[in-house]
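The sequence and structure are shown first.

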Amino acid sequence: MRIPRRALAAAAVLATVLPLSACGGGSGAGSSDASGKVEGKITFQTWNLQANFKDYFNGVIAAFEKKYPGTEVKWVDRPAEGYADKISADAAGNTLPDVVNVSPDLVAPLAKAGLALDLDKAASKYRKEYLQGAWQSHRIPGLDGTYAFPWYLNTGPLFYNKRLFKDAGLDAEKPPKTYGEVFDAGLRMAGKSKGKIATLANVPTIEDFGRYDVPLMNKEGTGFAFNDAKGVELLTRYKELYDAKALDPQALTATPESSGHKFLTESVAMNPGSALDLENFKKQAPSLYRNIGITDQVSSTGKANMYVMGVMVNSRAKQKPAAVAFAHFVTDATRQMEFAKKVAIFPSTAGSLDDPYFTKEDGTDVTRVRIAAAKSLRTAVNYTPVLFSEQMKTELRNAVARALQGKESPKEALDNAVKVCDRLLRQS
């Protein structure tokens, strides 16, 4: 079974900041020394993977146990629903597994509580095996170190409707690359269609602010900064789109599914997607499929956004050498390539994206999209701050809505959002 990019993207941002006050903070951290013989029993926890990938993970475990005689790995898989709560309860109860599948926002409170092993100290010899941006994605502002091995990555190209671009008098072979170009194209398209065709179907998220080159946090990592002049500029431009109907009127309540439907029915000109979407267009909307263009994510920094999953080692693991060795084994180049060929994700290991699987065309839509996405991942960045919780994302979305509806100015809306997010940050 192939997991759609959107599903993985949603999983990557699902978790909330965990209330770990019961753990007593970083003072309870275990030793960062992971030297010694790889042996003993460890527990490995994943996040909603057993149903579709049982044979794969059983094979990985068997291969590890064969490589390291005397080891035994117990695999535990938790459902997506309640995963963050389960980790929080395990952390508070001192029952956290030895090796844990995490996203960056999940590992942040664990690192602050001293429960995530610092790999810069315990496993620095492996750092060069991974893409630099992927390794850095599990660093926490205010702390020194890296707190999880990067595992699989995801991103996706941007689809655009060449016919709608041509109808607006735009060059369909040169789609907009930066936000400024998108805004200009959007206003022109809305004007030509008398407001019937929108260019975008989604309001800006924290990733958009990052790709617009807005500073998201201060240098100390103690407060948010997306309300600076450049952030206000971005939201002001979105307000222009919204007023001109160049931003879909239903964008305030849009979901990936609803915005995808808007693109399918050719009322929106640009939308992110996956190979599965492309196959769907071919079956359900042949006229759209014939006019599909594929381009990079819009970015004013020249770097796309990526979603990343990681594998953390419990700093209090009794068999720390075995836990580190297994976390590395699961995320090494061999295992990541095997996994990438079973599900629509991308490896975080250096050099893996040069494999013909990610570079050689074979005429299929799946490969066409995979190659486009893999190319952007070489320099991609995880723009979402690891300290930006689900509550904060909701607050930003509400602030954007107030600004677009004219209830607050863009500056007022972002100033208020930053105040709330800073307060939530202090409480975490």
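## Charges over rings

In this predicted model, the ring of Tyr-212 has the charged end of Lys-230 over it, 4.8 Å from the ring centre.

## Aromatic pairs

In total, the structure contains 31 aromatic pairs. One of them is formed by Phe-53 and Phe-339, whose ring centres are 5.3 Å apart. Their planes meet at 80°, which is over the 60 degrees required, so the pair is classed as edge-to-face. The two residues come from distant parts of the chain, 286 residues apart: Phe-53 belongs to helix H2 (residues 50-67) and Phe-339 to helix H15 (residues 333-340). Both Phe-53 and Phe-339 are buried.

Tyr-179 and Phe-183 form a further pair, with ring centres 6.2 Å apart; because their planes stand at 45°, this pair is tilted. Both residues lie in helix H8 (residues 179-192), where four residues, about one turn of the helix, separate them. Tyr-179 has a relative accessibility of 3% and therefore counts as buried. Phe-183 is likewise buried, its relative accessible area being 1%.

## A cluster of rings

Ring pairs also join residues into a cluster. Phe-53 and Phe-339 both belong to this cluster, together with Phe-44, Tyr-56, Phe-57, Phe-64, Tyr-68, Trp-75, Trp-151, Tyr-152, Phe-326 and Phe-329.

Technical notes. Residues numbered from 1 in each chain as written. Predicted model: local features only at pLDDT ≥ 70, side-chain atom pairs only at ≥ 80, totals over all residues. Heavy atoms only, no water. Phe/Tyr/Trp six-rings, centres within 6.5 Å; stacked < 30°, edge-to-face > 60°. Buried < 20%, exposed > 50% of the residue type's maximum accessible area, 1.4 Å probe, protein only. Lys NZ or Arg CZ within 6 Å of the ring centre and 35° of its normal.
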